[in-house]
Amino acid sequence: MTHPPTDSRDHDPAEAREPVEVHKQVEAQGPERTALDRLVARGARGAAWLVLIAMGISVVEVFLRYGFNNPTSWVHESVVFLVAVSFALGGPAALARNAHIRVRVLYDSAGPRLKCWMDRFNDLVTLGFCLAMSYAAFHMFWRASHNPLGEWQLERSGTSWNPPFPALVKGMILFALALMTLQAALHLVQSLRARPADHEPDNKENH
């Protein structure tokens, strides 16, 4: 009794879903170290749309200026503001995804115990840097949001539209640096709790 030829399109549904499940598991793990990092990474995906919005209103400005001879007074400053905000939020996003540029020659050649101490030193330096930058950003935002008498008064651009974008951008820089400080503090706590065994490979031979 002959059997009909098998169609190459007939596969086990479980096998078809396996690559998808593996991909989802890899995405779920990610490089984020803490719950705050995962929250920041999700928020960064939404903030990335600011660049697309900036591009869209730039296209509108081109049509209005050269197609209808009716330029706007708000597009240029709005584009600069949106790009500046997305740039400021790039710091927390990169720290959350562990995507800052680094040289790993010494780290990769170190043993588990030395790697553990290098992680602690790196997180400590990062925390100190973020604290210093946050302190400077606070004073920068204070001067942009208060007049010499100490009253609330946002710094404006001084153009015909005159929006308070300079003060808002400096406030966003302060927010981004404060967020990075909190991230760095959590990273330092995590590295202090880590043990050298966490850096050892999992494929050791059992004797």
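Phe81, Trp161 and Phe165 form one aromatic cluster. The model is predicted: local features need pLDDT of at least 70, side-chain atom pairs count only at pLDDT 80 or more, and totals for chains, interfaces and linings use all residues. Residues are numbered from 1 along each chain as its sequence is written, and side-chain values use heavy atoms, with hydrogens and water left out.

Rings of Phe, Tyr and Trp (for Trp, the six-membered ring) pair if their centres lie within 6.5 Å. Planes under 30 degrees apart count as stacked, over 60 as edge-to-face, and the rest as tilted. By this rule there are four aromatic pairs. One of them joins Phe141 and Trp152, edge-to-face, at 6.5 Å centre to centre and 70° between the planes. Phe141 sits in helix H6 (residues 112-145) and Trp152 in the loop between H6 and helix H7 (165-193), so this pair ties together parts that are 11 residues apart in sequence. Helices here are DSSP runs of H or I with at least four residues, strands are runs of E with at least two, and both are numbered from the N terminus.

Trp152 is exposed, with a relative accessible area of 57%. The classes are these: buried is under 20% relative accessible area, exposed is over 50%, and partly exposed lies in between (1.4 Å probe, protein chains only). The rings of Trp161 and Phe165 also pair edge-to-face, with centres 5.5 Å apart and planes at 85°. Trp161 is partly exposed at 35% relative accessibility. Phe165 is buried at 15%.

Arg120 lies over the face of Trp117, at 4.6 Å from the ring centre. The test requires NZ of Lys or CZ of Arg within 6 Å of the ring centre and within 35 degrees of the ring normal.

How many helices and strands does the protein have? The secondary structure comes to seven helices and zero strands. From the N terminus on, the elements run α-α-α-α-α-α-α. Of the 207 residues in the protein, 29% are buried.

Now the loops. Most residues other than glycine have a negative phi. Asn69 is not a glycine, yet its phi is positive, at about 50°. Asn69 lies in the loop between helix H3 (49-67) and helix H4 (75-96). Asn69 is exposed, with a relative accessible area of 68%. Asn162, again not a glycine, has a positive phi of about 60°. Its place is the loop between H6 and H7. Asn162 is partly exposed, at a relative accessible area of 27%.

Pro163 is found in the loop between H6 and H7. Is Pro163 buried or exposed? Pro163 is buried, with a relative accessible area of 5%. The C-alpha atoms of Pro163 and Ser78 are separated by 9.1 Å, although the two residues are 85 residues apart along the chain. Ser78 belongs to helix H4 and is buried at 9% relative accessibility. A disulfide is a covalent bond between the sulfur atoms of two cysteines. The cut-off used here is a pair of cysteine sulfur atoms within 2.5 Å. By this rule the count is zero disulfides. Cys116 is buried, with a relative accessible area of 2%. Cys130 is buried at 1%.

Last comes the empty space. Rolling a probe the size of a water molecule over the atoms shows where such space is left. A pocket is an open set of points on a 1 Å grid over the protein atoms alone, where a 1.4 Å probe fits, with protein on both sides within 12 Å along at least five of seven lines. Lining residues have an atom within 4 Å of a point. Grid points are joined across faces, edges and corners, and a volume is the space filled by probe spheres set on the points.

The largest pocket has a volume of about 1,100 Å³. Its lining holds 36 residues, and the closest to the pocket centre are Leu95, His100, Arg102, Asn122 and Thr126. H4, H6 and H7 are the elements that give two or more residues to this lining. Which element gives the most to the lining of the largest pocket? H6 does, with 12 residues. By type, the lining divides into 21 nonpolar, 10 polar and five charged residues. Here Ala, Val, Leu, Ile, Met, Phe, Trp, Tyr, Cys and Pro count as nonpolar, Asp, Glu, Lys and Arg as charged, and the others, Gly among them, as polar.
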